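Here's a short walk through a structure that may be new to you. Take a look at the sequence and the 3D view first, and then we'll go through some of the details.

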Amino acid sequence: MTHEERREIVLAPLIVWAGLFVLLGLTWGYAYIPGASAKVIVSLTIALAKGALIVAFFMQLRRADGLTRLAALAGIVWASFLFLFTFADFLTR
Amino acid sequence: MAEDLVLHEPFEEAARQRIAVPFGVWSFLATECLFFGGILLFYAYARWHGGEAFTQGAKEAAVWYGTINTAVLMTSSLTMAIAERATKGGFRVVARWMLGGTLMLGLSFLVIKGFEYRKDVHEHLIPGPGFKFGQGPAAQFWAFYWTATVTHAIHVTIGLGIIARLLWIERRGDLLLHATSAQGGALYWHLVDIVWVVLYPLLYLVGRP
Amino acid sequence: MNSDPTRGGIPERGAEPPSYLREGTTVRSWLTTTDHKRIGILYALAITFFFALGAVAAALIRAELVTPSGDFLTNDEYNQAFTLHGIVMVWFFLVPSIPATLGNFLLPMMIGAKDVAFPRLNLMSWYVFMAGGLLALFAILAGGVDTGWTFYTPFSTLYSNSHVLLAALGVFVVGFSSIATGVNFIATVHLLRARGMTWMRLPLFVWAMYTTSLVMVLATPVLAMSLLLVVAERAFGLPIFDPRSGGDPLLFQHLFWFYSHPAVYIMVLPAFGVVSEIITCEARRRIFGYQFMVYAMVVIAVIGFMVWGHHMFVSGQSAFASMVFSFLSFVIAVPSAIKVFNWTGTLYRGQIRFSAPMLYALGFIGLFTIGGLTGLFLASVPLDVHLTDTYFVVAHFHYIMVGGSVSAFFGGLHFWWPKITGRLYSERLAQFAAISMFFGFNFTFFPQFIMGTMGMPRRYHDYPPEFQPWHVMSSVGALVLGFGYLWPIFYLGWSLFRGERAPANPHGATGLEWQTRSPPPKDNFDRLLVVDQEPYLYHPKESTPDEVEQAHAKQKP
């Protein structure tokens with residue numbers, strides 16, 4: 001393994017992994033602060049950040065071609081239709 | 001970078017085939033997103049509608065098991081990512097060890113989950129006769145807990161099957177020619193990880209003080 | 001391309017590879033095939049069986065409804081009959097009908113590919129389909145299901161004493177075969193188009209398959225989850241939709257219709273594709289407004305996901321949500337209307353051949369228009385309050401699904417029969433079948449519109465005597481319709497053994513699938529294809545007056 005390859009194959013994922021652990025610590029810690037505000041939003045935001053790290057770096061969507069990105073995006077967009085219209089009902093009963 | 005690849009039938013050129021597998025798998029992952037979207041919609045409704053009583057149920061979730069399992073699964077994602085890159089780069093030994101590591105971490109996830117289930121059963125946390133909270137939003141939280149985690153565990157098991165198959169291909173000696181299979185398997189495994197990362201705050205952090 | 005018309009479809013031994021039908025003739029060679037054409041035929045055999053099963057249930061229902069009192073079936077048996085009819089016809093016949101049979105067979109050929117992108121996944125999808133089918137069949141044999149095809153909670157989860165779990169599992173499993181087919185088709189269209197086959201040169205059938213696949217891939221998983229939640233509640237007693245724990249049965253309806261309304265477009269978009277191919281060929285005209293036909297299908301596929309709430313106007317859904325869903329349901333009528341206008345526009349100044357496929361296609365336009373317009377009645381909240389759960393609804397969706405999709409399926413089956421089997425059927429007998437199906441269909445379902453407006457509710461077998469004349473009319477029409485379905489079995493079956501050998505391009509059509517032998521060789525084409533023109537060039541440009549030449553027509557004041 002050359003230096004270049006080692007950075008590409010081992011080091012880059014390790015950095016992402018470290019980032020994931022930092023986020024895990026953050027979300028766990030924040031949940032235990034008594035009386036902290038917006039706990040739901042913070043925990044979900046951190047979950048999304050972790051997901052984004054995995055998608056962009058582990059799953060290499062960052063480097064994928066446009067077609068693949070489109071496929072990935074479609075799932076999120078269509079799931080948002082489901083939430084949007086269902087809650088359009090629940091929230092206006 | 002290894003350039004040889006086993007060409008499958010309809011494809012005339014490797015470049016197209018190399019797009020096909022990730023594209024196909026990503027499309028499948030989009031369906032997984034909607035699949036779990038359905039049960040998350042149930043969670044959103046129950047939490048919004050159940051309010052404090054729902055959170056009350058969530059207090060009983062075993063945060064330690066959940067946090068350790070999150071760490072285990074995130075680490076398995078790391079080993080999988082390295083395995084996949086090593087396969088593409090042509091480093092067989094690294095790929096083998098990392099796949100083996102992923103398999104072990106995945107299995108430990110299931111074992112830890114099993115211990116957690118045992119604790120939940122002991123504490124009467126299965127909705128139904130003898131349930132700790134009786135009928136109400138707390139029961140809905142636990143209905144979500146069981147359905148979501150069992151569904152996720154089934155995904156983990158399928159993922160372990162895929163990894164076992166990759167290891168078998170490696171034993172046969174031509175993993176490097178099946179780099180696209182390794183890529184597909186890795187994508188699936190990462191998705192299983194993401195699902196858990198999303199479930200973690202919903203299940204374990206809701207009921208904290 | 002090999003299109004020597006004198007040689008016809010008879011494969012010459014030695015000179016060229018044999019046709020796909022002769023590439024191995026054992027049962028094993030069929031059951032392990034990865035050839036998209038053979039898989040299409042495996043699907044066709046399977047769905048024919050399920051169609052027959054669903055038709056038997058329909059016959060039982062129509063027989064029971066001849067008299068106002070329930071004297072032929074008991075209450076439970078009647079509930080099981082219409083549930084069986086619904087489940088089997090929707091998931092085991094209509095959803096896979098055109099995509100899995102004609103789509104599998106034609107999609108790769110139309111874009112000049114050897115096969116679909118993932119041939120083994122394609123075969124697997126058939127086995128998954130069969131596994132789901134067997135589960136559903138087992139549910140029927142074990143004693144049936146009585147929830148209706150919609151599996152509404154809390155009845156399905158808390159009260160029904162029938163085999164809901166088995167049936168739900170069967171539908172759950174069959175969903176994966178839909179997803180597999182969808183992913184496969186999308187990847188095929190993206191990655192395997194022949195050189196020069198640009199997106200705007202794709203035949204409309206390919207666009208129809210592509211948009212259908214999008215809907216399949218994005219809608220089916222939500223159905224899977226909603227059924228999984230039903231199983232969790234029914235089998236394990238987990239309170240998910242149970243109102244006693246704060247659950248909401250409407251949540252199930254939202255999840256269910258998020259799939260099941262787009263499912264209507266899974267059934268009808270492929271029909272659009274088939275009809276576009278037939279009408280252009282049999283009218284010898286370029287399609288009117290190609291680009292708008294494409295955009296209409298894409299818009300339908302997307303907006304189709306945002307209208308599901310019009311099934312829930314009287315369920316207790318909020319008034320605001322009902323208004324939004326109602327509005328969007330009106331919006332989606334626009335692209336559908338564009339398509340109808342464009343098919344009609346294609347006929348203008350065409351040289352129409354009233355062949356059997358064309359009769360089916362023309363029947364489709366009429367019936368789909370009626371079905372679509374009555375859909376607008378139901379999309380309007382105040383009317384729907386009156387019409388909901390009446391026979392008006394039953395008639396409406398049968399006009400779309402049977403009058404629309406099944407007509408188009410039969411039209412497509414006839415149109416491509418020479419390509420698939422290499423044989424010609426009797427045109428006269430086929431025209432007769434098409435006409436009897438059209439009339440039988442209208443006799444069956446038009447009276448149901450009238451009964452519906454008069455207040456006849458659906459799903460009852462015991463009804464007030466004043467509705468009897470309409471029910472008798474409907475049942476007699478069903479006999480004619482049944483004849484329309486059975487009759488093709490005889491002459492198509494006959495053609496398999498005694499039919500004339502088909503030439504490569506019997507209709508003189510322009511699609512790539514006609515540029516190879518009938519039946520095609522395993523690899524579809526004997527040589528690589530390059531496409532250099534748009535589809536449907538049935539008349540050269542500049543050969544007709546300006547007002548007929550649609551592509552660059554000058555507007556006259």
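## Chain A

Reading along the sequence, chain A runs α-α-α. That comes to three helices and zero strands, where helices (H or I, at least four residues) and strands (E, at least two) are DSSP runs, numbered from the N terminus. A quick note before going on: this is a predicted model, so local features need pLDDT of at least 70 and side-chain atom pairs count only at pLDDT 80 or more, while totals for chains, interfaces and linings use all residues. Residues are numbered from 1 along each chain as its sequence is written, chains are lettered from A and ligands numbered from 1 in the order in which they are written, and side-chain values use heavy atoms, with hydrogens and water left out.

What box do the C-alpha atoms of chain A fill? Taken along the principal axes, the box is roughly 65 × 40 × 10 Å. The radius of gyration of chain A is 18 Å, whereas a compact globule of 93 residues would have one near 12 Å; this radius is taken over C-alpha atoms, and the globule rule is 2.2 Å times the number of residues to the power 0.38.

## Chain B

On to chain B, which has six helices and zero strands. Its C-alpha trace spans about 60 × 30 × 30 Å along the principal axes. Of the 209 residues of chain B, 61% count as buried. As for contacts (heavy atoms within 4.5 Å), residues 24 or more positions apart account for 78% of those in chain B with a separation of 6 or more.

Chain B exposes about 7,600 Å², with carbon and sulfur atoms supplying 67% of it. Its side chains include 16 positive and 15 negative ones, and the centres of the two sets lie 6 Å apart.

## Where the chains meet

Between chain A and chain B, 46 residues of chain A are in contact with 47 residues of chain B. Together these two chains bury about 4,000 Å², 80% of it on carbon and sulfur atoms; buried area is the accessible area (1.4 Å probe) that two parts lose on being put together, summed over both.

On the chain B side, Pro10(B), Leu34(B) and Phe35(B) supply 19% of the area buried against chain C, more than any other three residues.

## A buried glycine in chain C

Gly304(C) sits in the loop between helix H9 (290-303) and helix H10 (319-347). Is Gly304(C) buried or exposed? Gly304(C) counts as buried because its relative accessibility is 1%. Leaving out residues up to four places away in sequence, Gly304(C) touches His261(C), Pro262(C), Tyr265(C), Val299(C) and Ile332(C).

Most residues other than glycine have a negative phi, and most peptide bonds are trans. Phe151(C), however, has a positive phi near 50°. Phe151(C) lies in the loop between H4 and H5, and is buried, with a relative accessible area of 0%. Arg284(C), also not a glycine, has a positive phi of about 50°, and its place is in the loop between helix H8 (249-283) and H9.

Then there are the cis peptide bonds. The one from Thr153(C) to Pro154(C) has omega near 0°, and Pro154(C) lies between helix H4 (119-142) and helix H5 (155-159). Another cis bond runs from Ser518(C) to Pro519(C), with omega near -15°; Pro519(C) lies in the segment after helix H15 (468-498).

Notes:
Buried < 20%, exposed > 50% of the residue type's maximum accessible area, 1.4 Å probe, protein only. Areas by Shrake-Rupley, 256 points an atom, 1.4 Å probe, with all protein chains shown as cover. Lys, Arg positive; Asp, Glu negative; His and termini not counted. Charge placed at Lys NZ, Arg CZ, Asp CG, Glu CD.
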